[in-house]
Amino acid sequence: MTTEVRTTAGSRTARELEQFHSLTDRLVSVTKKAEDAQLAEDLADFLSSYRDDPQKLPRESRELFDAQRLLRRVLLATRDYSIVYEWYMAFKNPHGVDQEVQMKLFWPHVTEAATALAWVKDYDCVLECGSGASSLGLELAKHNHRWIASDIAHHPSLDRAVEEFSPGPNFEFIISDGTNLQEIPDGEVDLVISRSFFEHLLVDDAESHVRSAFRVLRPGGQLFVACPSSIGPPSDITQRFPEYDTPQGLHIKEYNLGELSEVVRAAGFTSIHNRFVRSRYTSLLPLRMQRLNFLPERASRVVEIGAEKTWPLARFHPRRRRAWRRFWAVLGAASVSLLAKKPG
Ligand SMILES: C[S@@+](CC[C@H](N)C(=O)[O-])C[C@H]1O[C@@H](n2cnc3c(N)ncnc32)[C@H](O)[C@@H]1O
């Protein structure tokens, strides 16, 4: 029988510890298959400090950074997203508590996304890939007939969040690999949402993700991709370590609008638009007007090129860097929010 020996947010319960150990065993055995002795050894070293101490939870940026860097190597060597994300979630948030708090802190972000997706209610069936805690679907599902949230891992806070938000029968969650979406039949979906997800995929998997989105969309359906732009400093945990210029953690690659639209166009999408002014600044406008906030790709690209060209002027000075980011963020260049259409 399993007894709950700890209940505070600062430690793991016996059940969580058992689950964590079993995930850790899986992580080790998956990594062994990659036959990279150095990686296996580095992983064993890292794990040895966590394995036997139920009190030990990562709290410091450095620990999370080291964990992410190691998992990035595991992902590159094994392509096993499932174990990487399940293990990391169990490592970082054993009780889902941090994420729950994060969801509340994230509220402005969610309303921003909600206003940007003002037209979401026009779609019968929405598929969200890499939905994580699924806060977007839990908030918006009531506007659609069907909202399918999907992720490679079951987020620790999802069940509690579903209870708290009561999204109703329109909302469903499935475990699915966003790179093939094999659970979803062709032409089933009206809108695919890929938010803060694309940058987590290996480059060829990101291309497969967009091709799969194209397959599951009905003719005339749309794909919405929002991800951090590669302009400026990295946006994953690496941002806390200014000595690095590119993401070292679980953002495998960050893209600029030009690169992202190339991937999207290669999959067959047309009519590509980018959100111009960040919705946070336009959220006071009537929802219908939010649509005007998407500009044809070429117009947004002009802004992006302006940001790219001026980055070297700011990059070596922390204060200038911050001002630079704020300025271009207002104009939408700090993230890419792209809307593309499947012809038909
Ligand atoms: C940063 S979270 C984004 C969560 C959510 N979309 C949001 O915007 O708040 C990235 C999510 O992608 C998921 N993920 C990573 N690789 C995946 C894959 N191959 N298939 C499906 N989900 C994946 C992770 O489990 C994680 O929940």
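This report describes a predicted model, moving from its sheet to its helices, its ligand shell and a few individual residues.

**The sheet**

The strands of the model form an open sheet of 8 members, arranged in the order β3-β2-β1-β4-β5-β8-β6-β7, with mixed pairing. The edges are held by β3 (171-175) and β7 (294-296); each has a single partner strand, so one side of each is left without a neighbour in the sheet. From one strand to the next, the twist averages 20 degrees.

Within this sheet, strand β6 (residues 270-275) and strand β8 (residues 335-341) run antiparallel and are joined by 3 bridges. Helix α10 (residues 257-266) lies across β5 (217-228), β6 and β8, and its direction makes an angle of about 25 degrees with β8.

**Helix α3 and the residue after it**

Helix α3 (residues 61-78) contains 18 residues. From its first C-alpha to its last it reaches 25 Å, close to the 26 Å expected at 1.5 Å a residue. Which residues of α3 are buried? They are A67, Q68, L70, L71, V74 and L75. An α-helix has 3.6 residues a turn, so residues three or four places apart point the same way. The cover over the buried residues of α3 includes α1 (14-33), α2 (37-48) and α4 (81-92).

Just after α3 comes R79, with a positive phi of about 60 degrees, although R79 is not a glycine. This residue lies in the loop between α3 and α4. R79 counts as partly exposed because it has 14 C-beta neighbours inside 10 Å.

S271 likewise has a positive phi, of about 50 degrees, and is not a glycine. S271 belongs to strand β6. It counts as exposed because 12 C-beta neighbours lie inside 10 Å.

**The shell around the ligand**

The ligand is surrounded by 15 residues, of which the closest are Y85, G130, G132, I152 and G178.

**Two residues and their contacts**

V120 is placed in the loop between α6 (107-116) and β1 (125-129). Is V120 buried or exposed? V120 is buried, because 20 other C-beta atoms lie within 10 Å. Leaving aside neighbours within four places in sequence, the residues in contact with V120 are V126, L140, H143, N144 and L191.

R146 is found in strand β2 (residues 146-151). With 17 other C-beta atoms within 10 Å, R146 is partly exposed. Not counting residues up to four places away in sequence, R146 touches D124, C125 and N170.

| Pair | Separation in sequence | C-alpha to C-alpha distance |
|---|---|---|
| V120 and H143 | 23 residues | 7.3 Å |
| R146 and L127 | 19 residues | 8.5 Å |

Key:
Residues numbered from 1 in each chain as written. Predicted model: local features only at pLDDT ≥ 70, side-chain atom pairs only at ≥ 80, totals over all residues. Near = placed C-beta within 6 Å. Pairing = 2+ DSSP bridges. Helix = DSSP H or I, 4+ residues; strand = E, 2+ residues; numbered from the N terminus. Axes fitted to C-alpha atoms, helices over the stretch in contact; angles between N-to-C directions. Contact = placed C-beta atoms within 7 Å. Expected span 1.5 Å × (residues − 1).
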